[in-house]
Number of protein chains: 2
Amino acid sequence: MSKFIPSISRLIEEFAKLPGVGKKSAQRLAFHIINMDQSQAVSFAEAILDVKRKVRYCEKCFNITDQSICDICNDQRRDHDYICVVESPRDLIAIENTKEFHGYYHVLHGAISPMEGIGPNDIKLKELIIRLQSDETKELIIATNPSIEGEATAMYISKLLKGSEIIVSRLAHGLPVGGDLEYADEITLAKAIEGRRNL
Amino acid sequence: MSKFIPSISRLIEEFAKLPGVGKKSAQRLAFHIINMDQSQAVSFAEAILDVKRKVRYCEKCFNITDQSICDICNDQRRDHDYICVVESPRDLIAIENTKEFHGYYHVLHGAISPMEGIGPNDIKLKELIIRLQSDETKELIIATNPSIEGEATAMYISKLLKGSEIIVSRLAHGLPVGGDLEYADEITLAKAIEGRRNL
């Protein structure tokens with residue numbers, strides 16, 4: 001590494017900070033930038049700065065947006081009965097891409113994780129509860145990840161809303177479509193049996 | 001993809017242009033930038049711009065440098081008898097890291113590849129020949145890649161210098177150190193037998 005000139009070392013270090021980018025990949029990416037046209041490199045750098053300038057959280061659902069209220073929250077044709085709770089904006093996109101859900105969202109920006117010291121106050125949970133008090137929501141679909149943290153968060157929310165008139169539901173567990181039963185892990189398979197549906 | 005706001009889509013596209021970065025990775029990287037501190041993102045963008053501002057080719061060996069002549073060419077204590085010819089600055093770094101070579105370098109910035117339309121005039125080959133006419137080089141060590149293109153380039157250079165007093169050599173082929181003979185490909189194994197040395 002010592003053989004690189006400072007500006008290259010610095011760029012390699014910056015790339016190496018990105019998730020999933022090791023030392024060798026960071027070098028390859030840095031040299032790709034070096035071999036780029038000047039205009040392409042400027043465009044890349046500008047895209048990074050631009051996203052930081054423009055992106056903020058929707059004041060209502062905390063999805064990322066470039067306005068004060070995001071396009072989904074602004075869309076009055078969506079179904080006001082449902083709010084789908086997700087951990088991250090990327091999860092929201094994944095659900096939107098299914099075209100199966102037409103309600104609104106709430107992005108928690110994380111999940112409760114005592115191991116990592118993330119408590120209920122560290123995610124946008126209070127904001128969800130406040131929102132539910134004024135909204136006409138009938139059902140809250142909790143689409144946090146099927147991980148320990150996601151399950152804990154789902155349980156926590158469902159306990160918070162116990163006694164309220166809001167139905168709290170959770171995404172179904174089961175076999176992935178197109179997957180091979182033989183290769184499914186035991187827990188998923190058990191959940192798939194437990195959640196079986198009559199045909 | 002259509003669900004992203006323009007500034008995010010643009011950043012994802014920029015990341016997706018990088019080598020080895022697919023659509024999903026590009027999304028992950030873009031969201032990593034979004035979640036970065038402002039100062040970190042600025043530092044990243046600056047590193048990209050900085051490298052493009054400062055990095056240029058050494059006028060002598062065409063290694064990348066931030067001066068007109070690179071540190072290696074400027075180092076008069078190195079062995080003037082040897083020039084090692086490499087395809088790219090990264091290959092140069094790899095050889096420097098072995099600490100086994102103390103001569104100078106020449107970076108071709110590519111290899112001859114008729115398939116891709118890259119001829120002798122598209123790489124820094126003319127510059128090498130001109131340089132050899134004035135230098136006191138005794139041996140040219142051709143360290144192009146052990147690929148078809150690298151071999152073709154090595155052959156081309158050796159033919160060009162036939163009849164001159166300069167010795168032209170090529171890096172040895174053989175088994176990688178620490179590798180398992182059983183898993184070596186046949187061509188490498190054949191080259192290793194061919195190049196065997198007395199103990």
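This is a predicted model: local features need pLDDT of at least 70, side-chain atom pairs count only at pLDDT 80 or more; totals for chains, interfaces and linings use all residues.
The lining of the largest pocket is where I would like to begin, and its residues divide into ten nonpolar, five polar and seven charged, where Ala, Val, Leu, Ile, Met, Phe, Trp, Tyr, Cys and Pro count as nonpolar, Asp, Glu, Lys and Arg as charged, and the others, Gly among them, as polar. Residues are numbered from 1 along each chain as its sequence is written, chains are lettered from A and ligands numbered from 1 in the order in which they are written, and side-chain values use heavy atoms, with hydrogens and water left out.

The space in the largest pocket comes to about 570 Å³. A pocket here is found on a 1 Å grid over the protein atoms alone, as an open set of points where a 1.4 Å probe fits, with protein on both sides within 12 Å along at least five of seven lines, and lining residues have an atom within 4 Å of a point. Grid points are joined across faces, edges and corners, and the volume is the space filled by probe spheres set on the points. Of the 22 lining residues, Leu171(B), Ala172(B), His173(B), Gly174(B) and Leu175(B) are the closest to the centre of this pocket. The elements that give two or more residues to the lining are α5 (89-98) and α8 (186-194) of chain B; helices (H or I, at least four residues) and strands (E, at least two) are DSSP runs, numbered from the N terminus.

In the second largest pocket there is about 420 Å³ of space, and of its 16 lining residues the closest to the centre are Pro146(A), Leu171(A), Ala172(A), His173(A) and Gly174(A). Helix α5 of chain A gives the most to that lining, with four residues, and the lining as a whole divides into nine nonpolar, five polar and two charged residues.

Turning to the sheet of chain A, four strands form an open sheet in the order β4-β3-β5-β6, with parallel pairing, where two strands pair if DSSP finds at least two bridges between them. Strands β4 (104-107) and β6 (167-170) of chain A stand at the edges, each with a single partner strand, so one side of each has no neighbour in the sheet. From one strand to the next, the twist averages 25°, angles running from 0 to 180 degrees between N-to-C directions, with axes being lines fitted to C-alpha atoms, for helices over the stretch in contact. Strand β3 (residues 82-86) of chain A is joined to β4(A) by four bridges, and Ile83(A) stands opposite Tyr104(A) in β4(A). Helix α6 (residues 125-134) of chain A lies across β3, β4 and β5 (139-142) of chain A, at about 150° to β4(A), whereas helix α7 (residues 148-160) of chain A touches β3, β5 and β6 of chain A, its direction making about 170° with that of β6(A); contact means heavy atoms within 4.5 Å.

In chain B, four bridges join strand β3 to strand β5, and Val85(B) stands opposite Ile142(B) in β5(B). Helix α5(B) lies across β3 and β4 of chain B, running at about 155° to β4(B).
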